[in-house]
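Welcome, and thanks for taking a look at this one with me. Below are some notes to read alongside the structure, going from the whole chain down to single residues.

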Amino acid sequence: MAYIHLDGVSKQYGSVWAVDRVNMAIEKHEFVSLLGPSGSGKTTLLRIIAGLERPTTGRVLIDGEDVTELPPHKRGVAMVFQEFLLFPHRTVYENLAFPLRMLKLPKGEIEARVEWVVGILALRGLEKRYPNQLSGGQQQRVALGRGLVGRPKVLLLDEPLANLDRELRQEMEVEIRKHQTDLGIPFIYVTHNQEEALSMSDRIAVVRGGRIEDFASRTDIYDRPKTAFIAQFVGRSNRFTGTAATAGGTISLSGDGVRIETATRPGIADGERVAAYVKNEKVRLRPASAGGAGAANTLAATVRYVILRGAYAEYVLGWSGGELVASRPRSEAEFTEGAEVVACWDAADVDLFPAPEDGR
Ligand SMILES: Nc1ncnc2c1ncn2[C@@H]1O[C@H](COP(=O)(O)OP(=O)(O)OP(=O)(O)O)[C@@H](O)[C@H]1O
Ligand SMILES: [Mg+2]
């Protein structure tokens, strides 16, 4: 039996099902992200686990106990929010001690626990400061400390890094992941940012329209997207649409003046409208003079812009069907803006799905 079970959990607000029949099992050692676009139901699901929201249907089990009817403070769950709401007129120490005072713990116990989080979160020396005397990262650590100080069985985090700049966010990602590993409790982390989800999680649940589109390891979510939505939402990719032609174990898609070929897969019929996705980093480039354009999974293009991203370069290419992006390591031969190239990719790197109904 998993440590946390969500069993047919739904939440209805008026005519909207914010969360729709969600089943999940999360193990004790896991870092799980709920990744989805705005309005997909992530916060609602997290609040149901925390006990801040009562599900319309379904049950929540934590550590073998049905907590569906329990108030938040009896669940052993803590939550860290995006707007981390430190008390501005209280010191770091008092901010950290506050949840413990609410629990009416003895003074010695409060001191010991605050001491513990001050130690693990590197806040020593800052105890007497007020929030406005702290950097963004330090404030975020205090917020995290406030979640951890009660020694929760589960820590829930709702976009806790959304207000930090990119560099600090990346530092905090490493830190949060480290704390989760050290503490050995599950963290459930809500984000609409795929980079955050990919950087920290053991498993990612992709949330869409209140439902879990897929719940799998981060590598499966990234490398083997199960649906067109996931292929589009996770990673950066190029999209082609066309009509499927199946023959001899391969599917080819002809449309937009390119022929894309990949192994057949179940559920796609001859003549069906399909969408193919190729991740930017799977697109290779060679000079047009090397030839080879016209074969399957290749196209002739011109480099429009080169965007340097440090370790890699992003080539925005123009071709007869529109634009294509290739991300290549800087260690490879570089192309300049205006260069004529042939872009190609492996058949195995094509993710193919029935074209979504919106016709895009
Ligand atoms: N208290 C409420 N009353 C009515 N509708 C609500 C309420 N809370 C959320 N909703 C609706 O439920 C849906 C899911 O909202 P939720 O806040 O869970 O989304 P989210 O995935 O966290 O989005 P975001 O990334 O923008 O924070 C939305 O359509 C939202 O408008
Ligand atoms: Mg939210």
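1. Let us begin with the overall layout. The chain has eight helices and 20 strands. Please keep in mind as you read that this is a predicted model. Taken along the principal axes, the C-alpha atoms fill a box of roughly 75 × 45 × 35 Å.

2. Next, burial and surface. Of the 360 residues in the chain, 47% count as buried. The chain exposes about 16,800 Å², and carbon and sulfur atoms supply 50% of that area. As for contacts with a separation of 6 or more, 66% of them come from residues 24 or more positions apart.

3. Now for the inside. The largest nonpolar core has 31 residues, and the members that touch the most others are L96, V114, L144, L155, I176 and F187. Which elements each supply at least two residues of this core? They are the strands β6 (77-80), β7 (154-158) and β8 (187-191), together with the helices α2 (92-102), α3 (107-120), α4 (136-148) and α5 (166-183). Apart from this core lies another, of 28 residues, including V274, L285, V341 and W345.

4. Setting aside neighbours within four places in sequence, L144 is in contact with V80, L121, L155, L157, I176 and H179. Two of these partners, L155 and I176, are themselves listed with L144 among the residues that touch the most other core members.

5. After α2 comes K104, with a positive phi near 60°.

6. K104 is a residue other than glycine, yet its phi is positive; K104 sits in the loop between α2 and α3. R151 is not a glycine either, and its phi is also positive, at about 50°; R151 is found in the loop between α4 and β7. Is each of these side chains buried or exposed? K104 counts as exposed because its relative accessibility is 72%, over the 50% cut-off. R151 counts as partly exposed, because its 45% falls between the 20% and 50% limits.

7. On to the ligand. Around ligand 1 you will find Y13, A18, P37, S38, G39, S40, G41, K42, T43, T44 and E159. By class, this shell has six polar, three nonpolar and two charged residues. Helix α1 (residues 42-50) gives the most to the shell, with three residues.

8. Some distances to ligand 1 are worth checking on screen. A backbone N or O atom of G39 is 2.8 Å from an oxygen atom of the ligand. From the side chain of T43, an N or O atom lies 2.8 Å from a ligand oxygen atom, and for T44 a polar side-chain atom is 2.5 Å from one. On its own, ligand 1 has 640 Å² of accessible area, and the protein covers 57% of it.

9. S33 is a polar residue to look for in strand β3 (residues 31-35). Why does S33 count as buried? Its relative accessible area is 0%, and so it falls under the 20% cut-off. Leaving out neighbours within four places in sequence, S33 is in contact with Y189, A197, S201, R203, I204 and A205. With S201 there is a polar contact between the two side chains, at 2.6 Å. For a sense of scale, S33 and A276 are 243 residues apart in sequence, and their C-alpha atoms are 26 Å apart in space.

10. Finally, S327 lies in strand β18 (residues 322-329). S327 has a relative accessible area of 11%, which is under 20%, so S327 also counts as buried. Beyond its neighbours within four places in sequence, S327 is in contact with N280, E281, Y312, A313 and E314.

Conventions
Residues numbered from 1 in each chain as written. Chains lettered and ligands numbered in written order. Predicted model: local features only at pLDDT ≥ 70, side-chain atom pairs only at ≥ 80, totals over all residues. Heavy atoms only, no water. Core = buried A, V, L, I, M, F, W, Y, C linked by side-chain atoms within 4.5 Å. Buried < 20%, exposed > 50% of the residue type's maximum accessible area, 1.4 Å probe, protein only. Helix = DSSP H or I, 4+ residues; strand = E, 2+ residues; numbered from the N terminus. Contact = heavy atoms within 4.5 Å. Near = heavy atom within 4 Å. Polar contact = N/O pair within 3.5 Å; in protein donor to acceptor, adjacent residues only side chain to side chain. Areas by Shrake-Rupley, 256 points an atom, 1.4 Å probe, with all protein chains shown as cover. Nonpolar A, V, L, I, M, F, W, Y, C, P; charged D, E, K, R; others polar.
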